[in-house]
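Morning, everyone. I have one structure to walk through today. Let me put it on the screen.

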Amino acid sequence: MFNIEGTVAIVTGAVDSIGRDIVNSLLSNNAKGVALLDANDAQAEEFQASLDKEFGAKKTLFLKVDVTDFEKVKDAFKKCVDHFGNLDIVVNNADIIGNIEMVIKINLLATIQISNFAFFDFLPKYRKGKEGVIINIASVVGLYPSHMLPDYSAAKQGVVAYTQALGVNGRYENAPVKVMALCPGVIDTEIFVGVPEYYQQFMRELDFICQPPGVVGKGLIKVLKEGSTGSIWVSKKNEPAIEFKYKSKTFPILRKLVS
Ligand SMILES: NC(=O)c1ccc[n+]([C@@H]2O[C@H](COP(=O)([O-])OP(=O)(O)OC[C@H]3O[C@@H](n4cnc5c(N)ncnc54)[C@H](O)[C@@H]3O)[C@@H](O)[C@H]2O)c1
């Protein structure tokens, strides 16, 4: 079982809603430190102060980074390792809903680039224990396409596919980094502020249970501790996260390409 104690994590989109809950859960489970990457610094100071109060000073490092600026992301990884000394967990959580190009760039492309960079460069070199972990926050619409959010659905389906492909066992044998995804159902966050009434009505009719952000943090800890590489997890109806049993058939590993 993966031991969170003494680990260091990078969390993107860390200073709002679900990101905050993820950071809280990691520190509650005795992570040594968390680098908070977010494009928005408006709430960073207040959030860090509340974490200092709860978990003790200097457990977090805020870095203002737009995840679509890959050079800045790489620089943030270096700063995180210089500051904390190790890096064990990367959580791709930042997202938006809205402009199609930005949805693909932030929700899919940045998740792929950051996972790739963490998998091949940073986690193998700087992990403290015997394995590193990448967790990509996808969505239930990454498993069941939603006609209301087709571009967001496509991005999240891409995240699920990429997670399964990068997380195949054959790769893990060469580089001990687990890659997994957590797909939450509807969560009560800012993401739905300003969403049109017809959409909210639709969700009520479907009897969607709007979960508090806390379920994602709990789910993330379960996935960290119990998940195997390439596994996809679902967190819905306020219940503990469960592994989603469907597995895409991945092509057999061409061993020469795996490094
Ligand atoms: N809220 C839900 O119902 C729900 C459901 C399923 C999955 N999710 C997923 O959970 C994750 C978090 O969602 P949320 O509801 O907390 O979102 P949110 O919009 O409330 O917060 C997103 C965070 O990402 C940051 N961010 C946005 N663009 C960025 C960029 N380019 N670079 C760096 N940071 C950026 C924002 O500043 C913010 O802190 C997302 O991946 C989302 O798709 C959310």
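Start with a loop. Asn 238 sits in the loop between E7 and E8. Keep in mind that this is a predicted model. The phi of Asn 238 is positive, about 60 degrees, although the residue is not a glycine. Is Asn 238 buried or exposed? It has 12 C-beta neighbours inside 10 Å, so it counts as exposed; the cut-off for exposed is 12 or fewer.

Lys 237 belongs to this loop too, between strand E7 (232-235) and strand E8 (242-243). Lys 237 is not a glycine either, yet its phi is positive, at about 55 degrees. Its count is 12 C-beta neighbours inside 10 Å, and therefore Lys 237 is exposed as well.

Now the sheet. Eight strands form an open sheet with mixed pairing. Read the order across: E3-E2-E1-E4-E5-E6-E7-E8. Which strands are at the edges? They are E3 and E8, each pairing on one side only.

Let me go through some of the pairings. Strand E1, residues 8-12, runs parallel to E2, with five bridges between them. Thr 12 has Leu 37 as its bridge partner in E2. E1 also pairs with strand E4, residues 89-92, again in the parallel sense, over three bridges. There, Val 11 is bridged to Val 91 of E4. On to E2 and strand E3, residues 60-64: these are parallel and joined by five bridges. Val 34 finds its bridge partner in E3 at Thr 60.

Next, the connections. E1, H1 and E2 build a β-α-β unit, and it is right-handed. E2 then takes part in another right-handed β-α-β unit, with helix H2 (residues 44-55) and E3.

Stay on E2 for a moment. Why call this strand largely enclosed by the rest of the structure? Because six of the six residues of E2, residues 33-38, are buried. Side chains in a regular strand alternate between the two faces of the sheet. Look at E2 with that in mind. Gly 33, Ala 35 and Leu 37 point one way. Val 34, Leu 36 and Asp 38 point the other way. Both sets are buried, and that includes Asp 38.

In soluble globular proteins, nonpolar side chains tend to be buried together. Here the largest nonpolar core has 68 residues. Which residues have the most contacts inside it? They are Val 11, Leu 37, Ile 135, Ala 181 and Leu 182. Helix H4, residues 100-126, supplies the largest share of this core, with nine residues.

Take Leu 37 from that group. Set aside its neighbours within four places in sequence. Its contacts then include Ile 10, Val 11, Thr 12 and Ala 14. Also among them are Leu 63, Val 65, Val 67 and Ala 76.

Last stop, the ligand. How many residues are around the ligand? There are 26, and Gly 13, Asp 16, Ser 17, Ile 18 and Thr 189 come nearest. By class, the shell has 12 nonpolar, nine polar and five charged residues. Helix H1, residues 17-28, gives the most to this shell: three residues. Recall that H1 is the helix of the right-handed unit with E1 and E2.

That's my tour. Over to you for discussion.

Methods:
Residues are numbered from 1 along each chain as its sequence is written. This is a predicted model: local features need pLDDT of at least 70, side-chain atom pairs count only at pLDDT 80 or more; totals for chains, interfaces and linings use all residues. A residue is near a molecule or strand if its C-beta atom, placed from the backbone, lies within 6 Å of it. Helices (H or I, at least four residues) and strands (E, at least two) are DSSP runs, numbered from the N terminus. Ala, Val, Leu, Ile, Met, Phe, Trp, Tyr, Cys and Pro count as nonpolar, Asp, Glu, Lys and Arg as charged, and the others, Gly among them, as polar. A residue is buried if 20 or more other C-beta atoms lie within 10 Å of its own, exposed if 12 or fewer, and partly exposed in between; C-beta atoms are placed from the backbone. Two strands pair if DSSP finds at least two bridges between them. A crossover is right-handed if, with the strands pointing away from the viewer, the path from the first strand over the helix to the second runs clockwise. A nonpolar core is a set of buried Ala, Val, Leu, Ile, Met, Phe, Trp, Tyr and Cys residues joined through C-beta atoms within 7 Å. Two residues are in contact if their C-beta atoms, placed from the backbone, lie within 7 Å.
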